Amino acid sequence: MFIVGLTGGIASGKSTVARRLVEHGAVHVDADAISREVVDESTPGLAEVVREFGTSVLAADGSLDRAALGGIVFADPEARIRLEGIVHPRVHARTAELIAEAGAADAAAVIVYDVPLLVEARRELRFDLIVVCEAPAEVRIERLLAHRKMTRGEAERRIAAQATDAERRAVADVVIDTSSSLQHTLDSVDELWIDLAVRAEDRARVDEN
């Protein structure tokens with residue numbers, strides 16, 4: 001198997017890139033989806049979040065009120081660190097399980113681990129290639145205002161809470177500029193896929209021997 005780390009800041013076009021790779025045949029492992037799974041209703045993860053932050057982060061049906069929790073952690077860096085200490089180990093463990101399952105099913109699988117916090121995650125996982133999606137901060141803010149109905153202040157805080165472009169570029173093997181047209185982004189991903197498929201087949205042959 002060939003493991004690709006895919007990252008980018010909020011509204012950087014990462015989801016578009018991931019979808020295109022899946023269309024080509026990649027296995028998508030979504031860190032955001034896993035992070036929701038590990039604090040789903042009745043999970044040990046949710047119970048620990050409630051112990052740490054109180055019942056105000058619960059919705060009426062007993063599930064996690066993500067807006068309420070987000071209001072706490074995005075306004076308080078120390079609270080965000082405490083939340084990450086609960087969620088991240090569980091995400092890493094589940095991710096490792098899913099990657100192992102995909103590799104067992106197909107030795108030549110291209111596995112795309114889609115993770116906003118890749119700069120931190122690379123301490124826990126081995127990647128064969130790291131792809132960074134990038135767009136200027138103002139472009140990302142406009143996307144958040146238009147598509148996620150955030151205020152400008154909310155958008156700026158979300159961007160500021162994540163790794164910088166320089167930090168992502170420092171670990172990148174490939175940078176995909178998503179600030180131009182959608183077709184330009186898709187063409188860039190198509191070119192990348194050709195290389196990934198070849199490398200995955202090569203890796204599978206080496207592992208067989």
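**View 1. Helix α7 and the elements that cover its buried residues.** In this predicted model, α8 (152-160) and α9 (165-171) are among the elements that cover the buried residues of α7. Helix α7 spans residues 137-147, and its buried residues are R140, I141 and L144. Viewed down the axis of α7, these buried residues fall within an arc of 100°, so they line one face of the helix. An α-helix has 3.6 residues a turn, so residues three or four places apart point the same way. Just after α7, K149 adopts a positive phi of about 55°.

View 2. Five strands form an open sheet in the order β2-β3-β1-β4-β5, with parallel pairing. Its edge strands, each pairing on one side only, are β2 (27-30) and β5 (174-177). From one strand to the next, the twist averages 25°.

View 3. β3 pairs with β1 in the parallel sense over 5 bridges, and the bridge partner of V4 in β3 is V112. The parallel pairing of β2 with β3 extends over 4 bridges, with V29 opposite Y113 in β3.

**View 4. Helix α5 against the sheet.** Helix α5 (residues 77-105) lies across β1, β2 and β3. Relative to β3, helix α5 runs at about 165°.

**View 5. The largest pocket and its lining.** The volume of the largest pocket is about 1600 Å³. Its lining comprises 50 residues, of which D32, F74, P116, R158 and Q162 lie nearest the centre. Elements giving two or more residues to this lining are α1, α2 (31-37), α4 (66-73), α5, α6 (118-121), α7 and α8. Helix α5 gives the most to the lining of the largest pocket, with 7 residues.

Conventions: Residues numbered from 1 in each chain as written. Predicted model: local features only at pLDDT ≥ 70, side-chain atom pairs only at ≥ 80, totals over all residues. Heavy atoms only, no water. Pairing = 2+ DSSP bridges. Axes fitted to C-alpha atoms, helices over the stretch in contact; angles between N-to-C directions. Contact = heavy atoms within 4.5 Å. Buried < 20%, exposed > 50% of the residue type's maximum accessible area, 1.4 Å probe, protein only. Arc of directions from axis to C-beta. 1 Å grid on protein atoms, 1.4 Å probe; cavity = no way out; pocket = protein on both sides within 12 Å on 5 of 7 lines; lining within 4 Å. Points joined across faces, edges and corners; volume = space filled by probe spheres on them.
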